[in-house]
Protein chains: 2
Amino acid sequence: MSAFLDKLAAATARNHSLLCVGLDPDPTRVPAPLRDRADWVARFNAGIIEATADLVCAYKPNLAFYEALGAGGMAALRATLRAIPPEIPVLLDAKRGDIGSSAARYAAALFDELGADAATVCPYMGYDAVQPFLEYRERGVFVLVKTSNPGAADFQDLPVSVGGVTRPLFVQVAQTALGWNRHGNLGLVVGATQPGAFHVLRELAPDVPLLVPGVGAQRGELETAVREGRDRRGAGLLVAVSRAILYAANGAGWQAAARAAARTLRDTINTLREA
Amino acid sequence: MSAFLDKLAAATARNHSLLCVGLDPDPTRVPAPLRDRADWVARFNAGIIEATADLVCAYKPNLAFYEALGAGGMAALRATLRAIPPEIPVLLDAKRGDIGSSAARYAAALFDELGADAATVCPYMGYDAVQPFLEYRERGVFVLVKTSNPGAADFQDLPVSVGGVTRPLFVQVAQTALGWNRHGNLGLVVGATQPGAFHVLRELAPDVPLLVPGVGAQRGELETAVREGRDRRGAGLLVAVSRAILYAANGAGWQAAARAAARTLRDTINTLREA
């Protein structure tokens with residue numbers, strides 16, 4: 001088992017949690033007390049981490065929100081990574097994918113330079129776009145399969161025929177990606193907005209971890225995601241929630257509100273996984 | 001026509017060139033005279049730009065190579081962007097794709113923060129992953145369709161059935177993406193290693209620009225790419241070459257060697273496009 005999976009299992013057990021908090025700082029939703037601070041990104045994230053570090057199994061910063069803020073945004077990301085307790089895994093949501101030589105540089109950026117425990121990658125370019133990530137055996141690699149957004153239907157659901165069998169593209173992607181999992185460090189991304197996907201993916205992949213975004217602001221179905229997405233041990237699931245926790249309140253009580261939202265979500269997930 | 005297309009057409013005409021030089025600084029291939037310099041990335045790129053600025057229609061930095069070098073790499077990218085003459089368009093090769101709210105932040109990162117004239121995006125997540133980029137009407141948006149790498153065959157070639165018609169996924173992606181092109185700023189990425197793709201894509205899309213990587217180090221077929229990929233005016237094509245120009249020599253003559261390689265490629269492309 002990869003060091004990432006060990007770390008994830010330990011954090012899941014310690015915090016009794018499958019909740020993965022997305023750290024996606026949005027300049028239009030900064031809590032009022034931080035609004036005029038130049039260092040609001042690092043302060044905001046540190047406040048969210050302080051309020052939730054005993055309630056989560058992982059943190060998931062999405063790089064888009066840092067890159068959009070330029071050099072200062074990337075410096076704030078580094079400060080955020082330092083603020084995360086070392087026993088909690090960090091999954092960098094980057095959705096990278098490129099030809100092998102470039103993919104190797106992206107993997108170096110995420111795993112060596114930023115020190116992520118895991119990352120998300122895009123499968124459209126096939127094996128050599130994903131393989132350089134998988135070669136980091138101690139890190140987790142989550143391949144996009146069935147995403148949480150409306151556009152997921154545009155291509156991921158199209159029926160593809162391979163060897164006389166016709167099934168949706170996302171199922172073909174999942175099965176192919178599972179064949180790349182020589183080091184046991186692969187995971188799949190499945191949106192909570194896609195309740196029909198969990199059963200078929202768990203039939204193919206009973207044991208790999210699933211990263212499940214789309215709960216909260218995207219109104220995914222938490223109950224189906226947990227009941228059908230959990231592995232045989234009732235775990236193997238990272239329920240990723242960003243906006244519903246980060247922006248639970250925007251006044252002086254933003255940290256307490258974030259903590260309350262995280263606690264409610266964690267407990268709801270636990271009730272469902274143990275049912 | 002978008003400002004990007006105007007700028008591209010002007011650079012193409014001025015330099016009589018369809019050659020797009022990829023600026024992908026590889027720490028293992030630094031020319032000897034720069035090897036011990038902390039600022040080698042900015043120096044190397046400035047040298048390549050100085051040697052080729054009258055021979056290209058665009059420059060294409062791939063973000064992977066800068067992100068892998070951390071904050072210093074991103075600072076070198078900014079220095080590189082300042083070193084590119086303002087009349088030559090900059091295409092940032094980023095292959096981003098995420099849910100709408102995150103895609104909007106990636107578009108802000110590339111177009112507002114870094115000031116790119118155009119960018120590459122990944123279509124796997126569908127319309128809302130690409131639309132925030134297309135809303136920048138004056139910038140170009142190149143959607144990955146048939147990529148140049150071996151893994152392109154894993155999914156892009158799979159037969160998909162839509163409305164009773166069966167065809168490869170990449171053709172379906174191209175046709176769908178063309179339907180998103182309300183502002184006339186869409187382009188497609190087609191590898192030169194995929195000679196069979198040009199004819200079918202030009203039938204679907206006679207006028208959109210094609211970004212064609214894979215010539216040189218990836219051994220794509222330049223002749224087919226130019227003959228079948230050019231639009232009806234003999235243009236609409238950006239032939240992207242990185243390693244074969246950047247690393248044409250690694251001693252004191254590296255700039256002259258890069259210039260010679262770029263000139264030969266530009267002239268070969270022109271001979272083919274005018275044939």
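A: Three bridges join β3(B) to β4 (residues 118–121) of chain B, and the two strands run parallel; two strands count as paired if DSSP finds at least two bridges between them, and strands (E, at least two residues) and helices (H or I, at least four) are DSSP runs numbered from the N terminus. In this pairing B:L91 has B:A118 of β4(B) as its bridge partner. Before going on, note that this is a predicted model, in which local features need pLDDT of at least 70, side-chain atom pairs count only at pLDDT 80 or more, and totals for chains, interfaces and linings use all residues. Residues are numbered from 1 along each chain as its sequence is written, while chains are lettered from A and ligands numbered from 1 in the order in which they are written.

Q: What is the strand order of the open sheet in chain B, and which strands stand at the edges?

A: The open sheet has eight strands in the order β2-β1-β10-β9-β8-β5-β4-β3, with parallel pairing. At its edges stand β2 (58–61) and β3 (91–96) of chain B, each with a single partner strand, so one side of each has no neighbour in the sheet.

Q: Which rotation superposes chain B on chain A?

A: Copies are superposed by least squares on the C-alpha atoms of residues with pLDDT of at least 70 in both. Here a rotation of 180° with 0.0 Å of shift along its axis brings chain B onto chain A (RMSD 0.0 Å), which is the relation of a two-fold axis. The residue of chain B that comes closest to the rotation axis is B:V160, at 2.2 Å (C-alpha).

Q: Is helix α6 of chain A mostly covered or mostly open, and what covers its buried residues?

A: A residue is buried if 20 or more other C-beta atoms lie within 10 Å of its own, exposed if 12 or fewer, and partly exposed in between, with C-beta atoms placed from the backbone. Helix α6 (residues 127–134) of chain A is mostly covered, seven of its eight residues being buried, among them A:Y127 and A:F133. The cover over these buried residues includes α5 (100–113) and β4 (118–121) of chain A, together with α7 of chain B.

Note on methods. Two residues are in contact if their C-beta atoms, placed from the backbone, lie within 7 Å.
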